[in-house]
Protein chains: 2
Amino acid sequence: MATLRVPDVVPPPSEDCERLKEAFKGWGTDEKAIIWVLGHRNASQRKKIRETYQQLYNESLIDQLQSELSGDFGKAVILWTYDPPERDARLANEALKSRKKSITQLQIIVEIACANTPHHLMAVRQAYCSLFDCSLEEDIVSNVPLPVRKVLLGLVSSYRYHKELVDMNIANVEAAKLHDAIEKKHLDHDDVVWILSTRNIFQLKATFECYQQKYESTIYQDINSCGSDILVSLLRIVIWCIDSPEKHFAEVIRASIVGFGTDEDSLTRAIIARAEIDMMKIRAEYLNANKTSLDDAVIGDTSGYYLDFLMTLLGARM
Amino acid sequence: MATLRVPDVVPPPSEDCERLKEAFKGWGTDEKAIIWVLGHRNASQRKKIRETYQQLYNESLIDQLQSELSGDFGKAVILWTYDPPERDARLANEALKSRKKSITQLQIIVEIACANTPHHLMAVRQAYCSLFDCSLEEDIVSNVPLPVRKVLLGLVSSYRYHKELVDMNIANVEAAKLHDAIEKKHLDHDDVVWILSTRNIFQLKATFECYQQKYESTIYQDINSCGSDILVSLLRIVIWCIDSPEKHFAEVIRASIVGFGTDEDSLTRAIIARAEIDMMKIRAEYLNANKTSLDDAVIGDTSGYYLDFLMTLLGARM
């Protein structure tokens, strides 16, 4: 359900590197060639291109892109070219170090922890330690105030079981525990943190369904009615990222586009993070929720090479 | 500082496998040959032997050992033959599923989380999911009562930064936080759990040293004076496993030997877990603390092939 389009016959990495090197030559840059190559390669192919580029020219492809490109287009291409765990470690660090730590920043960490495989989350934590000389958890403890800290810390520390295994008994018991905590507006209760951060995704989906059957409203709605503080917003995102990441990312894209101006950072992040995972589903969800196509929305709010690159990742251009 | 003795020239895995196959042949088993081969191979060599054995004879070496060997000797050889993360995942599971979850069982999980590299802990969590169809954290939540649950959960979820990087300012601030929580006998305070489970080992050692300088007693002593419940015992082990694992394991071995009878499971675990890591230091610590040699203690309390195998891992026999 990815939108990324990789050609049937992929050229060897050395040929891709030569094209890129050629695109960097002389004054100016051949942006189209960069989009043509990198915009049609998956994560493991991009990794080989990075490695081959380093071997062939004894310089880092990322450094080269950084010196050749700028603006939103440059940012997007560079994020796309990083290894996904390194990309997410960098995004998490930027979010934690930003002066204003609103939900727009903190949701990035929820996405990494709840809308990805346990293996990816582990790789992000390893990359974080390698890049920033401390653990992701340490930076959460020192940069995020309570009670959000406690929830985020639980989520990023998780290594969930990754196969489909559901115990309806557990779903029943834990739906009741969640309901109890929500009713008491005790959203950072240990039980809430443990359930959301240790149970496997399939189990949690069953628990949420069980919740709705027992209490006649969704857990999302009940959390929503607890108020409007940042913990409420964060937990709503947690529920969506676990239950239907496509809803969350469709909403991230919508929010980045509506109103005056565009939040390019969020738009870029959502498309780059999901182009190889579930962007087809996000597109369908976007259309369903907004009665307008995601592609049209992106076309209406972006321009130039940035637009070309995003549309390439969305599979709308070959 | 390992005691494991690997020969200068190690035979190819296929040759080791032939020797082992030969040792299993006919009635009876050639235990000496098994000790001779497996007792002188490190973890990566044993891995190759397991893989080669499977390829050559289309059967699992572990299964074969299980059908040929028994008693404490059999248990020890099999634990030693597992991949270390799988071994520790199995030990943790056994500890969590045992009816009596005394400190003797729970310390096994502390050892895995605090006396090993962050990489090993991650590998144990992955192995646990593969072997037992749920995460280690889920089994802790459902099998360990509060307040110990909270501390164990924090410890096993950690992925500490792994290089030597110490901030004396943090050491100072966090020594005070730890002291405050200990003084109030609030040993499962969030601050205690976060400090012990997110900070890197070098930082924590500096924090403990800072604690002693500021308050004129060690953190170990102060925790000790909080009473004699299981949380106190557990935190004492956490401090030792972080600060000087050799002290902890010397004590595990001493406790397994003193008094009437021997706790073979603990003795085996300590020697097998550390023969490739720091058994030399543990030996020195044992002599220092008990004024008698660890080797003599093992000789006095064990016999037969079990004794031979342990002494081989202790480097006392070639």
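In the predicted model, a salt bridge links the side chain of B:Glu138 to that of A:Arg199, with an N to O distance of 2.7 Å. In total, 2 salt bridges are counted between chain A and chain B. On the side of chain A that touches chain B, at least two residues each are supplied by α8 (118–132), α9 (136–143), α10 (148–156) and α12 (190–198) of chain A. The largest share of this side, 5 residues, is contributed by α8(A). Classified by residue type, the side of chain A that touches chain B comprises 10 nonpolar, 8 polar and 9 charged residues.

The contact involves 27 residues from chain A and 27 residues from chain B. An area of about 2500 Å² is buried between the two chains, and carbon and sulfur atoms give 59% of this area. Across the interface, 8 residue pairs are found in polar contact.

In chain A, an unreviewed UniProt entry places the feature "binding site" at A:Phe24, A:Gly26, A:Gly28, A:Glu68, A:Gly261, A:Asp301 and A:Thr302. These positions span 279 residues of sequence and are also spread in space, with up to 34.3 Å between C-alpha atoms.

Two of the annotated residues, A:Gly28 and A:Glu68, are in contact with each other. A:Gly28 lies in the loop between α1 (13–24) and α2 (31–38) of chain A, whereas A:Glu68 belongs to helix α4 (residues 61–68). Beyond its neighbours within four places in sequence, A:Glu68 is in contact with A:Phe24, A:Gly28 and A:Thr29. The side chains of A:Glu68 and A:Thr29 are joined by a polar contact of 2.6 Å. A:Glu68 counts as partly exposed because its relative accessibility is 22%, which falls between the limits of 20% and 50%.

Key
Residues are numbered from 1 along each chain as its sequence is written. Chains are lettered from A and ligands numbered from 1 in the order in which they are written. This is a predicted model: local features need pLDDT of at least 70, side-chain atom pairs count only at pLDDT 80 or more; totals for chains, interfaces and linings use all residues. Side-chain values use heavy atoms; hydrogens and water are left out. UniProt positions are given in the numbering used here, feature names are shortened, and annotations may be inferred rather than shown by experiment. Helices (H or I, at least four residues) and strands (E, at least two) are DSSP runs, numbered from the N terminus. Contact means heavy atoms within 4.5 Å. Buried means under 20% relative accessible area, exposed over 50%, partly exposed in between (1.4 Å probe, protein chains only). A polar contact is a pair of N or O atoms within 3.5 Å; within protein, one must be able to donate a hydrogen and the other to accept it, and residues adjacent in sequence count only if both atoms are side-chain atoms. Buried area is the accessible area (1.4 Å probe) that two parts lose on being put together, summed over both. A salt bridge is a side-chain nitrogen of Lys or Arg within 4 Å of a carboxyl oxygen of Asp or Glu. Ala, Val, Leu, Ile, Met, Phe, Trp, Tyr, Cys and Pro count as nonpolar, Asp, Glu, Lys and Arg as charged, and the others, Gly among them, as polar.
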